[in-house]
Amino acid sequence: MSKRIQSIRGMHDILPEQTPHWQFLEGLLRDLVAAYGYREIRMPIVEKTELFKRSIGEVTDIVEKEMYTFEDRNGDSLTLRPEGTAGCVRACLEHGLLHNQQQRLWYMGPMFRHERPQKGRYRQFHQLGIEAFGFPGPDIDAEMIALSARLWRLLGLKDVRLEINSLGSSEARAAYRAVLVAYFRDHFDALDEESKRRLETNPLRILDSKNPELEEIIAGAPSLLDHLDEESVEHFARLRERLDDLGIEYRVNPRLVRGLDYYSRTVFEWITGSLGAQGTICAGGRYDGLIEQLGGKPGTAIGLAIGIERLLALLEEEGRLPPPVECHAYLVTVGEGSERAGALLAERLRDRIAGLRVVCHAGGGGFKAQMKRADRSGADWALILGEDEVTAGTVTLKPLRGQADEQQTLDEASLIERLARWVNKED
Ligand code: ATP
Ligand code: MG
């Protein structure tokens with residue numbers, strides 16, 4: 001036998017036992033975003049590499065070392081999308097969706113980053129992204145946070161907390177950057193290799209370092225909040241006022257900087273303590289400069305992204321996943337003519353009972369073997385169709401999950417009535 005080919009490291013199959021969880025969450029997310037007036041947009045998974053370099057920033061982790069970039073047969077440099085915002089803005093500009101208009105948009109799908117795979121960190125992972133264009137805020141900032149807070153409520157999640165910060169205008173950030181670089185230069189020898197490198201390229205990211213040895217130096221660093229421009233201070237204060245109105249608790253974390261270059265003013269993260277190091281399940285912020293950076297007229301924008309795998313892991317951790325999808329009935333057929341009659345019966349049942357899930361035994365075999373399959377299928381009922389039943393126009397209904405019902409032989413109308421009550425959970 002030749003060696004079997006495996007999936008790519010960090011890219012996972014989502015198996016039939018798991019897909020119901022995904023469908024449950026995806027359905028809930030669709031309803032949630034619709035409740036706030038967001039409309040779906042679907043972008044290609046591959047974009048020109050240039051798009052990500054120009055939007056995310058050349059010296060970010062994503063662009064420097066995480067992108068799946070390749071040349072296609074024309075020699076063009078393409079990249080599997082590492083996030084959705086850049087493609088979403090690109091699509092909006094390309095189709096004139098931002099021309100004197102506001103947009104509330106969402107998308108969901110796979111993203112790709114060549115990171116070191118570990119719990120909660122994959123090379124193909126999924127995000128729900130939502131973006132709002134043309135709202136200077138902070139009302140929309142608060143609305144977006146309220147939407148995410150509603151999601152945790154709907155899902156019954158307990159262990160999530162909100163951190164917010166303001167990055168200020170790009171001018172204010174540039175001024176702060178200089179102050180910060182000066183500070184870290186004074187402590188250069190105590191920095192780790194990564195931070196030394198970042199000092200040249202992206203010094204704000206040092207604040208985000210997870211290295212415990214840097215904790216003290218970082219704690220002593222000048223705070224971005226002391227260097228905000230006046231308008232950003234006002235914006236941030238009004239956002240906090242809104243969050244207070246909504247009764248949403250938060251912590252201001254002046255070290256929250258986010259990994260992408262394009263953020264300005266509001267940034268936020270929802271963090272759980274239940275998933276170890278990969279605790280951020282939702283992250284977002286305002287990126288007012290990006291539209292112009294990608295060739296559009298200046299325009300305001302804010303967005304968030306939810307990591308679906310991490311959210312599912314948290315749901316599992318907190319025991320909030322829905323029970324497995326049940327199969328209502330498994331049709332067992334024995335004897336001459338019953339298999340063909342059974343196939344027709346199952347069709348009639350599906351016609352009459354909305355939502356009924358019935359599996360017809362296929363592939364032959366005796367009664368015992370078929371009953372074993374019925375049991376293993378997880379079905380609630382076995383429907384047994386033997387020669388006698390076919391002749392009499394009846395079906396034998398056998399409970400498989402300890403229901404109070406006795407096994408009984410019913411005419412078709414009574415069977416439909418009984419199964420319909422079961423499917424509709426009326427008993
Ligand atoms: P992190 O600091 O965990 O690397 P990030 O800042 O790179 O996150 P974003 O680009 O803001 O993450 O993505 C938004 C969300 O998508 C994250 O909060 C997380 O839930 C999820 N996410 C990001 N990268 C991955 C990954 N490699 N695997 C699984 N989920 C991810
Ligand atoms: Mg990352």
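Two strands count as paired here if DSSP finds at least two bridges between them, and helices (H or I, at least four residues) and strands (E, at least two) are DSSP runs numbered from the N terminus. Keep in mind that this is a predicted model, in which local features need pLDDT of at least 70 and side-chain atom pairs count only at pLDDT 80 or more, while totals for chains, interfaces and linings use all residues. Residues are numbered from 1 along each chain as its sequence is written, chains are lettered from A and ligands numbered from 1 in the order in which they are written, and side-chain values use heavy atoms, with hydrogens and water left out.

**Stop 1: the three-stranded sheet**

Select valine 46 and look across to leucine 80 in E4, which stands opposite. Strand E2 and strand E4 (residues 77-80) run antiparallel and are joined by three bridges. Now show the whole open sheet: its three strands come in the order E2-E4-E3, with antiparallel pairing. At the edges you will find E2 (46-48) and E3 (68-71), each pairing on one side only.

**Stop 2: the eight-stranded sheet**

Move on to the open, mixed sheet whose eight strands follow the order E1-E5-E6-E11-E10-E9-E7-E8. Strands E1 (39-40) and E8 (251-252) are at the edges with a single partner strand each, so one side of each has no neighbour in the sheet. Select E5 (residues 103-112) with E6 (residues 124-133) to see an antiparallel pair over 10 bridges. Within it, glycine 109 has glutamine 127 of E6 as its bridge partner. Helix H1 (residues 19-35) packs on the sheet, touching E5 and E6, and its direction makes about 160° with that of E5.

**Stop 3: H1 against H11**

Show the side chains in the contact, including Trp22 and Leu25 of H1 and Leu311 and Leu315 of H11.

**Stop 4: a tryptophan pair**

Finally, select tryptophan 152 and tryptophan 270, an edge-to-face aromatic pair with 5.7 Å centre to centre and 70° between the planes. Rings of Phe, Tyr and Trp (its six-membered ring) pair if their centres lie within 6.5 Å, and planes over 60 degrees apart count as edge-to-face. Tryptophan 152 sits in helix H5 and tryptophan 270 in strand E9, 118 residues apart.

Key: Contact means heavy atoms within 4.5 Å. Axes are lines fitted to C-alpha atoms, for helices over the stretch in contact, and angles run from 0 to 180 degrees between N-to-C directions. Rings of Phe, Tyr and Trp (its six-membered ring) pair if their centres lie within 6.5 Å; planes under 30 degrees apart count as stacked, over 60 as edge-to-face and the rest as tilted.
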